[in-house]
Amino acid sequence: RGLGDVYKRQGEARTAWQWGQGWSGTASGSYQRSDGATANSAFKGGKGFGTLNYDGSDFSFNLQAGATANDFGANTFYSAAYPNQWEATRRYLISARAESKGRVHLVPQVSWVRSLDHFQLIKGSTTGENFHRGDVFTAAINAWTQWALGRTAFGAEVRNENIYSTNLGRDLQPGQYIGIKHEDGRSYTKKDCLLYTSPSPRDRG
């Protein structure tokens, strides 16, 4: 086939169900692959996502989990001088949220997102090759109540973001290096970390 003849394959599936008193769930997944319409533009990727929900008289609850994976020829994405770039990304997510149904509604929630990135400036070569692993952890608590003058709410959140990398962040000591999964002899040699807090009182009439 020539470059103008694009081979593409894709598929998708989803389902939803309910059971018991107040329980429900969903699940979905998809996959796509293509040879690309131009040189080094082929890609393949998939994603999956699921939820578990409960809605009762005293509280509600929601759990979510998902993952995505993409591999693609990056062509000249980052530099026209290197037309054979390649990149692979992975992302994983899990989060949970609940809400009470009393006079004062309490809404706790937590989440974790992991992102992985593998970049090659020249596909199949270690020249300009980078690995990154980022994690974002979030915990929050919100509360609200309805009264004569409207609704009063208060929220607070803590979020921690960190990245391990072969290129970004502050240098680690050799004894602190972290091996890169599925990459024998390769390690993350740099790290950066940020912590955020955000109390947020608010009134709404």
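**Strand pairing and aromatic contacts**

In this predicted model, Tyr188 has a relative accessibility of 5% and therefore counts as buried, the limit for that class being under 20%. Tyr164, at 13% relative accessibility, is likewise counted as buried. The structure holds five aromatic pairs, and one of them joins these two tyrosines: the ring centres of Tyr164 and Tyr188 lie 6.4 Å apart with the planes at 45°, so the pair is classed as tilted. Because Tyr164 belongs to strand β8 and Tyr188 to strand β11 (residues 187-188), the contact ties together parts that are 24 residues apart in sequence.

Strand β8 (residues 150-165) also takes part in strand pairing, since 16 bridges connect it in the antiparallel sense to strand β7 (residues 130-147). The two strands form a hairpin, with two residues between them, and within this pairing Tyr164 of β8 is the bridge partner of Arg133. Eight bridges, again antiparallel, pair β8 with strand β12 (residues 190-197), where Tyr196 is the bridge partner of Arg159. The side chains of these two residues are also in contact of another kind, as Arg159 lies over the face of Tyr196 at 4.4 Å from the ring centre.

A cluster linked by ring pairs comprises Trp17, Trp19, Trp23, Tyr54 and Phe59. Phe59 is partly exposed, with a relative accessible area of 39%.

Notes: Residues are numbered from 1 along each chain as its sequence is written. This is a predicted model: local features need pLDDT of at least 70, side-chain atom pairs count only at pLDDT 80 or more; totals for chains, interfaces and linings use all residues. Side-chain values use heavy atoms; hydrogens and water are left out. Helices (H or I, at least four residues) and strands (E, at least two) are DSSP runs, numbered from the N terminus. Rings of Phe, Tyr and Trp (its six-membered ring) pair if their centres lie within 6.5 Å; planes under 30 degrees apart count as stacked, over 60 as edge-to-face and the rest as tilted. Buried means under 20% relative accessible area, exposed over 50%, partly exposed in between (1.4 Å probe, protein chains only). A charge sits over a ring if NZ of Lys or CZ of Arg is within 6 Å of the ring centre and within 35 degrees of the ring normal.
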